[in-house]
Structures are given as structure tokens and as C-alpha cells.
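Subject: Handing over a structure

Hello,

I am passing this structure on to you, and I hope you enjoy looking through it. Please open it alongside this note.

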Amino acid sequence: MYMNNQQNQAPINVNNASNNTSSSSNSNQRGAMVPEARQALNNMKYEIAGELGINLKQGYNGDLPSRQAGYIGGYMVKRLIEQAERQMSNQG
């Protein structure tokens with residue numbers, strides 16, 4: 001049974017949930033990525049798709065099933081976490 005427990009509560013801004021401040025400069029962080037990082041993530045996406053045997057084409061991939069897109073994103077996160085762990089272990 002669904003119960004509405006959010007009556008009289010202000011909506012939470014996910015981008016600023018940790019500091020509870022509303023700053024218009026932080027409202028659109030999606031476009032604030034370094035171009036080299038964006039290209040590296042894009043390359044990683046196509047590399048992982050190839051490893052998984054998923055035919056990912058340049059541009060629009062709206063016909064790609066959600067499950068396959070999720071696999072690609074999941075493996076990207078897994079690989080990024082592994083890279084961060086390696087970097088952290090080499091620093092200390």
C-alpha cells in the first residue's frame with residue numbers, strides 16, 4: 001500500500017542535498033565536465049560495449065534495450081571504481 005509521507009515537506013534538491021544550499025551556479029553540473037574527461041568516458045563506453053558484444057553506434061541509441069544500456073553503465077562504474085581504488089592505494 002502506498003502512503004504519501006511527503007505532505008508538507010519541501011522538495012529535496014539532489015545536487016545540493018549534502019550542503020542544503022541552493023546555488024544557481026551548481027544547478028547544471030552536467031555541462032561542466034572537462035572535455036578530455038567527456039571523451040575518455042565516451043571511449044570507455046564504446047570499449048565496454050564492444051567487450052560485452054553490444055552493438056553501440058555513434059549518435060542515437062534509443063533502440064538499445066534498457067538492460068543492455070544498464071550493463072554498459074554498470075561496467076563503466078565498476079571500472080571507474082577500480083581505477084580510483086588503484087590510484088588511492090598507490091598514493092598512500
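Below is what was found in it, starting with the overall picture.

First, some ground rules. This is a predicted model, so local features are reported only at pLDDT of at least 70 and side-chain atom pairs only at pLDDT 80 or more, while totals for chains, interfaces and linings use all residues. Residues are numbered from 1 along each chain as its sequence is written, and side-chain values use heavy atoms, with hydrogens and water left out.

The protein has two helices and zero strands; helices are DSSP runs of H or I with at least four residues, strands are runs of E with at least two, and both are numbered from the N terminus. Of its 92 residues, 11% count as buried. Here buried means under 20% relative accessible area, exposed means over 50%, and partly exposed is in between, using a 1.4 Å probe and protein chains only.

Now to the helix pair. Helix α1 covers residues 35-52 and helix α2 covers residues 66-91; they pack at an angle of about 115°, with their axes 9 Å apart. The axes are lines fitted to C-alpha atoms over the stretch in contact, and angles run from 0 to 180 degrees between N-to-C directions. On the α1 side, the contact is made by Leu41, Met44, Lys45, Glu47, Ile48, Ala49, Glu51 and Leu52, and on the α2 side by Tyr71, Ile72, Tyr75, Met76, Arg79, Leu80 and Gln83. Contact means heavy atoms within 4.5 Å. By class, this contact has ten nonpolar, one polar and four charged residues; Ala, Val, Leu, Ile, Met, Phe, Trp, Tyr, Cys and Pro count as nonpolar, Asp, Glu, Lys and Arg as charged, and the others, Gly among them, as polar.

A polar atom of the Asn61 side chain lies 3.2 Å from the backbone oxygen of Gly59. Gln58 lies in the loop between α1 and α2 as well, but Gln58 counts as exposed, at 63% relative accessibility.

Finally, Met33 lies in the segment before α1. At 35% relative accessibility, Met33 counts as partly exposed.

Best wishes

Note on methods. A polar contact is a pair of N or O atoms within 3.5 Å; within protein, one must be able to donate a hydrogen and the other to accept it, and residues adjacent in sequence count only if both atoms are side-chain atoms.
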